[in-house]
Amino acid sequence: MRSRMTRRHERQGDASSGVVTWMRVHWPTLLVALYAVAAVSWTLPPEVFPPKPILDRVAGGPLLFLGLWQSWDMFSPDPRTDDICVEVVSVERDGRRRAWMLTDMVALDYVDRWRKDRWRKYCNDHLRLDANRHLWQPFAASCVRRLRAEGHDPVRIELVRWWRPCDPAVRPELRADVRRTPWSSYTFFAVPVAQETPR
Amino acid sequence: MMPVIAAVVRAASAFDRWVREPVDPRPLAWFRSWFGFLTLVNLWMLWPDMPLWLSNDGVLPPEVHRQTVYGAGLTVYLLTGYADAAIWVIRLLALVGGLGLWLGIWPRCAACCAWLAATSYSWRNLLILHSGDCLVRIGCFFLMFARTDGAASLPRWLGRRTEAGDRPPPAEVPAWPQRILQLQLCILYFVTGVWKATGATWRDGTAVGMVLQLGEFQRFPIPDFCMTPPASRLFTYGTLAFELGFPLLVWVPRLRLPVLAAGLAFHAGLDWTLNVQLFQWLITSYYILFLATPATGSRDPIQGRS
């Protein structure tokens, strides 16, 4: 009886040491395969990859913690159908209105429109949306700080979104810099500016 | 049933060899160097606006940031908390990391610095990120585990100048970091192709015509014929075909160079037309990982021993 148990233990020990040896040799393969599955699952749309919810629940933690999360869905499933800009309007104490079109990329020179792409990302993809209204106040406050630093005295800040629809037809005269489609606008946030406390 | 199992076992075994057999270090080292330079350009563009994007007085004060963030990440903010000093830490890490990667000076440490900088600014403001930032984070992360000091390295070049005679070619290195980055590029193309294939405008051939109307992406002028329905269909279906075809065709040795050349032309066209910062440059930097080094005749970057 005793010797039979010993043999079973030895067999189990052999099996576990076999797994350890296999892992020692093959861990890169396992890592590459698991990473590939995790990345595919994380990035594919759920309707084409049914195991996504389960796999993402397992892989999501490490991917997020290590900064390996990713998304590859630019211009998809369909590109945006509206041309968009965000504008900041400042009303000064003397009643003058100043306006800055923040993301009218076509109006910028080539270097600036390249460098300021993150502005476009922030304003056009996030700031303008009603779902992101928690971003409006801090953005307005940062505008106030910047305006004051430049010597302005704003009493009111307005954030305005501008848009115009793309045309389903494709013609050279529809390119953004020559298109004559009229713009629409809507002031989505307006806030009075508290007077600066004298120091 | 048995032939299927045998085929699966053979495929798994081939995959195992492909991942574990060591490779010529040069494609990975060239990638590391060019990629490092691109991270420096990325830093140069991000630098002036960092206080706006990342500081407590910027567009995301801590109480607002907490509503946008996905949880804890491995970032410098774990140490600094919401301190504006973190901006200077990120700048320093990105600068040291980018220079180290570019010049091959302690490349693993450099990759670690660049990765930490990228994860930190990404965590602090998710809303300014583009796909290029994902490529930076992922590239830096796996370069931490890669031995890339065997080529494209300033210390090696200086050492060679002081030594007499020819130096032997660099020793082979573990392949898995290169494999994982090669697969990452294929996953990127495959996934983006699948996403697009689910869209109505990509299927009816009008998607590119629509994108070209968007002023926010417009970069340099394009010829009028690009804004016609036949050109829109050609570019739309061509994009789908390339993105879905690349992950398969790049593994065929005879097709690899034409596929990479087509990819370079594709991304050069996108970079001319669309204003998406460094994305096209970063994605094509991953192409270097697929380059063979025939001068050594030792190993093919895809097939293993030649």
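# A guided tour of chains A and B

Start by selecting Arg93(A) and Asp153(A): the two form a salt bridge, with their closest N and O atoms 2.7 Å apart. (A salt bridge here is a side-chain nitrogen of Lys or Arg within 4 Å of a carboxyl oxygen of Asp or Glu.) Arg93(A) sits in the loop between β1 and β2 (97-101) of chain A and Asp153(A) in the loop between α5 and β3 (154-165), so the pair ties together parts that are 60 residues apart in sequence. Helices (H or I, at least four residues) and strands (E, at least two) are DSSP runs, numbered from the N terminus.

Before moving on, a word on what is on screen: this is a predicted model, in which local features need pLDDT of at least 70 and side-chain atom pairs count only at pLDDT 80 or more, while totals for chains, interfaces and linings use all residues. Residues are numbered from 1 along each chain as its sequence is written, chains are lettered from A and ligands numbered from 1 in the order in which they are written, and side-chain values use heavy atoms, leaving out hydrogens and water.

**Around the first stop**

Buried means under 20% relative accessible area, exposed over 50%, and partly exposed in between (1.4 Å probe, protein chains only).

Next, pick Arg98(A) and Glu92(A), whose side chains meet in a salt bridge at 3.3 Å, N to O. Arg98(A) is partly exposed, at 27%, while Glu92(A) counts as buried, at 6%.

**Trp136(A) and its neighbours**

Now go to Trp136(A), in helix α5 of chain A. Trp136(A) is buried, with a relative accessible area of 3%. Show what lies around this residue: leaving aside residues up to four places away in sequence, Trp136(A) touches Leu127(A), Arg128(A), Leu129(A), Asp130(A), Leu159(A), Phe188(A) and Phe189(A). Contact means heavy atoms within 4.5 Å. The side chain of Trp136(A) also reaches the backbone oxygen of Leu127(A) at 2.6 Å. For one more distance to check, Trp136(A) and Ala190(A) are 9.1 Å apart, C-alpha to C-alpha, and 54 residues apart in sequence.

**Where the chains meet**

Colour the two chains separately and turn to the interface. Chain A contributes 69 residues to the contact and chain B 86. Together the chains bury about 7,400 Å², 66% of it on carbon and sulfur atoms. Buried area is the accessible area (1.4 Å probe) that two parts lose on being put together, summed over both. In chain A, select Trp72(A), Trp114(A) and Arg118(A): these lose the most area to chain B, together 14% of what that side buries.

How many salt bridges are there between chain A and chain B? The count is five. One of them is between Arg120(A) and Glu216(B), with the closest N and O atoms 3.6 Å apart. On the chain A side, α1 supplies the largest share of the residues that touch chain B, 13 residues. Both residues of that Arg120(A) pair also belong to a network of salt bridges that links Arg80(A), Asp117(A), Arg120(A), Lys121(A), Asp125(A) and Glu216(B).

Then select Asp133(B) and Arg118(A), whose side chains meet in a salt bridge at 2.8 Å, N to O. This pair crosses between chains, from helix α8 of chain B to helix α4 of chain A. Both residues, Asp133(B) and Arg118(A), are buried.

**Backbone stops**

Zoom in on Ser76(A) and Pro77(A), which are joined by a cis peptide bond with omega about 5°. Pro77(A) is in the loop between α2 and β1 of chain A.

In chain B, find Trp106(B), in the loop between α6 (85-103) and α7 (107-124). The phi of Trp106(B) is near 45°, a positive value in a residue other than glycine. Is Trp106(B) buried or exposed? Trp106(B) counts as exposed, at 69% relative accessibility.

Move on to Ala152(B), in the loop between α8 (131-143) and α9 (154-162) of chain B. Ala152(B) has a positive phi of about 50°, although it is not a glycine.

Methods: A polar contact is a pair of N or O atoms within 3.5 Å; within protein, one must be able to donate a hydrogen and the other to accept it, and residues adjacent in sequence count only if both atoms are side-chain atoms.
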